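Dear colleague,

Here is the structure that I promised to pass on to you. Please have the sequence and the coordinates open while you read, as the notes below go through a few places one after another.

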Amino acid sequence: MTAVSDSPAPVPEPLRCAALAADLDAADFRSEPLRRLWGEEADDALGRGMREPILRAIAGDGGVLATLGRLFVLGMPQPTSRVATAVPRLGVSGLVALGLATVDGDSVAPTALIRPQSFVDADGVGEWWIASDLDEVALGTALPPDHVLGVGGASRTLAEIILPVEVERALDLGTGCGIQALLVARYARSVVATDISARALAYAELNTRLNGVSNISFRRGSMFEPVAGEAFDLVVSNPPFVITPRSEHVPEYEYRDGGLVGDSLVEQFIRTVPSHLTPGGTAQLLGNWESRDGWSGLDRLAAWVEGDLDLWVIEREELTPLSYAELWIRDGGTTPRDAAFTPLLTAWLDDFERRAVSSVGFGYVLLRRPEAASDPLRRIEKIAQPVSGVGAALRDGLAAHDLLASGLPKTLITASDVTEARHLLPGADDPSVIELRQGGGFARTRSVDPALAGFVGACDGDLTVMQIAAALADLFEVPLGELWADLEPRIRSLVFDGFLTAAD
């Protein structure tokens, strides 16, 4: 078993956090200035675990930004005199008091990373400073089990899908470094952030103070225990969903391993969260789900949702047991060159074999408690391609589902990001394929026939839905009832997917 972190957890003392924020601000310690300092290629290389290109780009640069870049972005010791110049308000002793560095002779060694993290939401573009534990590049070894992760791919995925809606109370369950709580705090009057790790909560609190956010409170505990009996308008979670063998010699990382067998943690979350949602409240989480004994993971997940809850699941990818095991063994810093790799791989594959697991899906889940009785939404789909504006697309999809419950709107308009493509065979007068394409959201493409294409093309807000349908019936010389029976369900689908919106 890998040892726990040698460095203590940070101490988020308010005045010192404010002083550090002022120093970082004065140094323009932000993504774009750093990227300009060492170049885009070097910056991208760091994301692949290589810091040498950055070191070469800023070799000999003893300036404040370069010093802070080496210290907090790369996690490298720096001369005490340079660090003192870079953080004049906080001072080197303040860095030590915050638990972010140690001093050894004439050198300051970081015990944490601080990296700028840009974000884009409905209110615009912004940036936070996010502190976390030293990564593998800085440590030069595998990660300790109590490692507090910075902003990784899963964190960014969850951030992209959160509904941009104003709420009273929100919960970030398993907050880690606090990135989701910071994002949700922009829309919620108050946020409760929980984690089983005291170390993670210390980082999350430090990050809120670094970024001047005051509407987040912190509680320690497992799953929903810290909020027993409470309900929220929005629950978000990037839980420790990784499926890890429960074997003595397999490390358990707090940031990713929930301590349960298989996908039981995701099942537990989905079965429990409804009791913590207000009417109209929504829960969003990332997760893994196993396909077992011929029963697909998506079908198993759907069976965990009971009652009148709305469910929308998007599976981003599906991995074989071997691919899944290799992914997460490497994530812990162990490669096939290491002696520990084969025993770990054997443990993973044996674990999957015991449960007859054929594949593991990854994606995100949205659950909603309807405000009033209605036909619950049940949408389960696979979308592998990168998407943008997913949070807004999910929000608008829920709104469209509610709207369609009372029938089609009287008048529709075509969404501004929708384009039409027609494909013709050489010499043909009529298209063999007509496609409607979205420019945003899930970037869906729909094949349509001439009648539906004509309907969408006429939805400019002037004519009603039935006026357009009647005109098309005359044009194609078919009875209106027959045409409408064919068009109506497909129009509803286009409304739900955001190709068409209500004119009002």
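Helices (H or I, at least four residues) and strands (E, at least two) are DSSP runs, numbered from the N terminus. This is a predicted model, in which local features need pLDDT of at least 70 and side-chain atom pairs count only at pLDDT 80 or more, while totals for chains, interfaces and linings use all residues. Residues are numbered from 1 along each chain as its sequence is written, and side-chain values use heavy atoms, with hydrogens and water left out.

I begin with helix H5. Just after H5, Gly75 takes a positive phi of about 75°. Nine of the ten residues of H5 (residues 64–73) are buried, so the helix is largely enclosed by the rest of the structure; buried here means under 20% relative accessible area, against over 50% for exposed and partly exposed in between, with a 1.4 Å probe and protein chains only. Among the buried residues of H5 are Leu65, Arg70 and Phe72.

Leaving aside its neighbours within four places in sequence, Pro33 is in contact (heavy atoms within 4.5 Å) with Asp28 and Leu65. Pro33 is buried, with a relative accessible area of 12%. Pro33 and Leu265, by comparison, are 232 residues apart in sequence and 41 Å apart in space, C-alpha to C-alpha.

Next comes the sheet. Eight strands form an open sheet with mixed pairing, in the order S8-S7-S6-S9-S10-S12-S11-S13, where two strands count as paired if DSSP finds at least two bridges between them. Its edge strands are S8 (216–220) and S13 (378–382), each of which pairs on one side only. Helix H11 (residues 198–210) packs on the sheet, touching S7 and S8, and its direction makes about 170° with that of S8; for this angle, axes are lines fitted to C-alpha atoms, for helices over the stretch in contact, and angles run from 0 to 180 degrees between N-to-C directions.

Within this sheet, strand S6 (residues 167–173) is mostly covered, with five of its seven residues buried. S6 pairs in the parallel sense with S7 (residues 188–195) over six bridges, and Asp172 has Ala193 in S7 as its bridge partner. S6 also pairs in the parallel sense with S9 (residues 232–237), over four bridges, and there Leu171 has Val235 as its bridge partner.

Which residues does Asp310 touch, leaving aside its neighbours within four places in sequence? They are Leu366, Leu367, Arg368, Pro370, Asp375, Pro376, Leu377, Arg378 and His401. Asp310 lies in strand S11 (residues 310–319) and, at 0% relative accessibility, counts as buried. A polar contact of 2.8 Å joins the side chains of Asp310 and Arg368; such a contact is a pair of N or O atoms within 3.5 Å, where within protein one must be able to donate a hydrogen and the other to accept it, and residues adjacent in sequence count only if both atoms are side-chain atoms. A polar atom of the Asp310 side chain also lies 2.7 Å from the backbone nitrogen of Leu377.

Finally, the cysteines. A search of the whole structure finds zero disulfides, a disulfide being a pair of cysteine sulfur atoms within 2.5 Å. For Cys17, the nearest cysteine sulfur, that of Cys177, is 15 Å away. Cys17 is buried, with a relative accessible area of 1%, and Cys459 counts as buried at 5%.

With best regards
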